[in-house]
Amino acid sequence: MNHKVQNYKQSGRLLLSRRFLVTLGKLVVFCLTLYYLRQAILEASTHSVFSLATFWKVWPDRGVALCLAAFLLPMNWGVEALKWQYLSKKIEHITYLEAYRAVLVGLTLGFVTPNRVGDYAGRVLTLHQKDRADAIGAILLGRLCQLYATVLVGSAAVAYFIYKYYVPLASPVGVSIGGALLLVNVWALALLFSFKWAVALLERVKYFRKWGHYVSVIGSYSGKELREVLLISGLRYVVFAAQFILLLWAFGIELSLPEYIWGVAGTFLIKSAVPSINALADIGMRELSAMHFFGLMGQDPLLVLGASLTLWTLNIALPSALGLLFVLPLKLSSSR
């Protein structure tokens, strides 16, 4: 009897310790998110005086563009939620609202982690299955499809800027660059549709076999399903690009539609190609690349900076703050 009582007390202490660590972890994420939001606001405020002053001059004519960009915010992450709902059906059927909540939680946790790896943990923790780690492969596939959309349009943007400002197309260097960009896109697409064989090969290698479990779900998606995920990724890319174009126009950047598209596509490509340490690192790379590409087209870098900072605030800072509401109630153990 004493032995059973002792075991009961020990298990109780372990349970309390586990709950304490879980609560502590949530509070750490909560505090870090608030800290990074504060730092981001301070960082943005150092550049905002000139951009706001310029913006208020054109507000009567262009304020509608800012309102439209803000209106597209829930649509942007709504499309991402639709993609996650579609991808997660291989692991667990979830509602659209559950998928939206998972996206916000992942965005918040990704806000304070290198290269947004917290996005994986956020989405996994919102599922109810006992073995929720299966979802890692589905999340990775979604990110790869979104990256492919960025690379595809971004490659065309890089070609536009190279041929217009640096190297003529009708030259050996120009032809080589075009061929290289084409090969990169074909190779990436072929890799995306050959994951089933890649996973099978991974499971044959003893050293990688233990990791194959986490990505094996990728091999269960058919070619038709991959095409649909790519279409959803393309739709999200269009919404995100439209937001940026609206903000650029709102801040006084006047270009033709193709120039807007190439400038935005080049900016997104460079941002996606460079890993970030945390959300604060996002305030820098996107802005520098945007100022470079639009500067080549003769636009005021300060106006571009104002539009880019506003885009970051709308799409990253505000949803990350909203996601905090769903972080604290998270359960680390599954309910099924």
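Modeller: I will start with a cysteine. This is a predicted model, and in it C145 has a relative accessible area of 0%. The cut-off for buried is under 20%, so C145 is buried.

Biologist: Is C67 buried, partly exposed or exposed?

Modeller: The relative accessible area of C67 is 46%. Buried would need under 20% and exposed over 50%. C67 therefore counts as partly exposed.

Biologist: How many disulfides does a search of the whole structure find?

Modeller: A disulfide would need a pair of cysteine sulfur atoms within 2.5 Å. The search over the whole structure gives a count of zero.

Biologist: Which residues of α4 meet α8?

Modeller: Helix α4 covers residues 135-165 and helix α8 covers residues 223-250. On the α8 side, the contact has L226, V229, L230, S233, G234, R236 and Y237. By class, the contact of α4 with α8 has nine nonpolar, five polar and one charged residues. The residues on the α4 side are L141, G142, C145, Q146, Y148, A149, T150 and V153.

Biologist: Are α4 and α8 parallel, perpendicular or oblique to each other?

Modeller: The two helices, α4 and α8, pack with their axes 9 Å apart and at an angle of about 60°. Roughly parallel would need an angle under 35 degrees, and roughly perpendicular one of 65 to 115. The pair α4 and α8 is therefore oblique.

Biologist: Which residues of α3 are buried?

Modeller: Helix α3 spans residues 118-125, and six of its eight residues are buried, so α3 is largely enclosed by the rest of the structure. The buried residues are G118, D119, Y120, G122, R123 and V124.

Biologist: How far apart in space are L68 and Q243, C-alpha to C-alpha?

Modeller: L68 lies in helix α1, residues 2-88, and is partly exposed at 43% relative accessibility. In sequence, L68 and Q243 are 175 residues apart. In space, their C-alpha to C-alpha distance is 7.7 Å.

Biologist: Among contacts between residues at least 6 apart in sequence, what percentage join residues at least 24 apart?

Modeller: The chain has 11 helices and zero strands. Of its 336 residues, 44% count as buried. Among the contacts you ask about, the share joining residues at least 24 apart is 75%.

Technical notes: Residues are numbered from 1 along each chain as its sequence is written. This is a predicted model: local features need pLDDT of at least 70, side-chain atom pairs count only at pLDDT 80 or more; totals for chains, interfaces and linings use all residues. Side-chain values use heavy atoms; hydrogens and water are left out. Axes are lines fitted to C-alpha atoms, for helices over the stretch in contact, and angles run from 0 to 180 degrees between N-to-C directions. Helices (H or I, at least four residues) and strands (E, at least two) are DSSP runs, numbered from the N terminus. Angles under 35 degrees count as roughly parallel, over 145 as roughly antiparallel, 65 to 115 as roughly perpendicular and the rest as oblique. Contact means heavy atoms within 4.5 Å. Ala, Val, Leu, Ile, Met, Phe, Trp, Tyr, Cys and Pro count as nonpolar, Asp, Glu, Lys and Arg as charged, and the others, Gly among them, as polar. Buried means under 20% relative accessible area, exposed over 50%, partly exposed in between (1.4 Å probe, protein chains only).
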